[in-house]
Amino acid sequence: MKDNVKSGALTEVTFFILLSLYVPKHGYAIMQFIEEKTGGRLILGAGSLYGAINTLTEKGWIEPFGEEGRTKEYVITPFGREIAEKELRRLKELTAIASEIVGGNCA
Amino acid sequence: MSLKKNRYFAGFMGAQAKWLNSMSKKGYRLIKTGKLQYEFDECEPDKYVYTVEYVGDKSREESDKYKEFLESIGYRVFYKNITLDYSPGKITYRPWAEKGGRISTTRSTLFKELLIIEKENDGTPFELHTEKEDKANYYKRLSQPWYYLVFLFLLFAILAWPLIPGVIALAALALLSIVPIIIAEVKIHKLKKENQLEE
């Protein structure tokens, strides 16, 4: 995944996975979370999710949660929370600037 | 009543998935796979959809892990072979595979090069790879073995000298083996371009 390159921006899917894991979830629940929150606009395939989970675990942004069972659960790490908060600040700044320019009085 | 059918799709994964989906439309659900044989149970037509994925470059441990993950999502997963039963000693060398998968035997990854994955039909297309970068990685993995084939055919073509018909036949095989590489590279190139446009 192409996260955190120069701007520090996350891909949409990465950000959603991090957000979904503020509450521990297994793979299927992550997919459902993303589909529900975006009203079906964003659908994550299981193969891509598998890759993302491995990458994010390696980065230390998420980690396995609880007992190793057949349906493994994951949860966001404190470092992952930092990343998510940083991304939220970046997006807020972006929307503030955009509202000022595009939205006029909406700002 | 179960139904048994013999088919062999080699590495044509799209064709295999298409056939399984057409069986599902007729009301047959896959219950067992053999090297050439597929066994089906009767079920409600179109209740399940299938897709086929290449795992022949993974170690047994990795492909088992991936299979378990897909099962935890709620899918049914079958191992399926690309290779047939002709390799002497039931062992093959796969230089393109990851560590742990390069020497392939019946105890490890031989005859388990593919996964057939089944999910309940919810009307949406069954796509495992939805992210552009992940898709590009998958195409790259698919094209790896073909580089080795091209190299081998070219090597044999040189060794066949001065037997001209042999050289021509082997060179033609090398050329044919380039086709899948080109197809994969075109797809990867398109994905990269799309990715750049979005950034």
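In this predicted model, the charged end of B:Lys112 sits over the ring of B:Tyr79, 5.8 Å from the ring centre.

Over all chains, the structure holds nine aromatic pairs. A pair of aromatic rings is described by the distance of the centres and the angle of the planes. Two of the pairs are listed here.

| Aromatic pair | Centre to centre | Angle between planes | Type |
|---|---|---|---|
| B:Tyr28 and B:Phe40 | 6.4 Å | 70 degrees | edge-to-face |
| B:Tyr75 and B:Phe126 | 5.2 Å | 70 degrees | edge-to-face |

Both pairs link distant parts of the chain. B:Tyr28 is in strand E2 and B:Phe40 in strand E3 of chain B, 12 residues apart. B:Tyr75 lies in the loop between helix H2 and E5 of chain B, while B:Phe126 lies in the loop between E8 and helix H3 of chain B. These two are 51 residues apart. B:Phe40 counts as buried because its relative accessibility is 0%. B:Tyr75 and B:Phe126 are buried too. Ring pairs also join B:Phe9, B:Trp19, B:Tyr28, B:Tyr38 and B:Phe40 into a cluster.

Now the sheet. Three strands of chain B form an open antiparallel sheet, in the order E4-E8-E5. E4 (48-54) and E5 (76-80) of chain B stand at the edges with a single partner strand each, so one side of each has no neighbour in the sheet. Neighbouring strands are turned by 20 degrees against each other on average, direction ignored. Five bridges join E5(B) to E8 (residues 114-120) of chain B. There, B:Lys80 stands opposite B:Leu114 in E8(B). Helix H1 (residues 13-25) of chain B packs on the sheet and touches E4, E5 and E8 of chain B. The direction of H1 makes about 165 degrees with that of E4(B).

Notes:
Residues numbered from 1 in each chain as written. Chains lettered and ligands numbered in written order. Predicted model: local features only at pLDDT ≥ 70, side-chain atom pairs only at ≥ 80, totals over all residues. Heavy atoms only, no water. Pairing = 2+ DSSP bridges. Helix = DSSP H or I, 4+ residues; strand = E, 2+ residues; numbered from the N terminus. Axes fitted to C-alpha atoms, helices over the stretch in contact; angles between N-to-C directions. Contact = heavy atoms within 4.5 Å. Phe/Tyr/Trp six-rings, centres within 6.5 Å; stacked < 30°, edge-to-face > 60°. Buried < 20%, exposed > 50% of the residue type's maximum accessible area, 1.4 Å probe, protein only. Lys NZ or Arg CZ within 6 Å of the ring centre and 35° of its normal.
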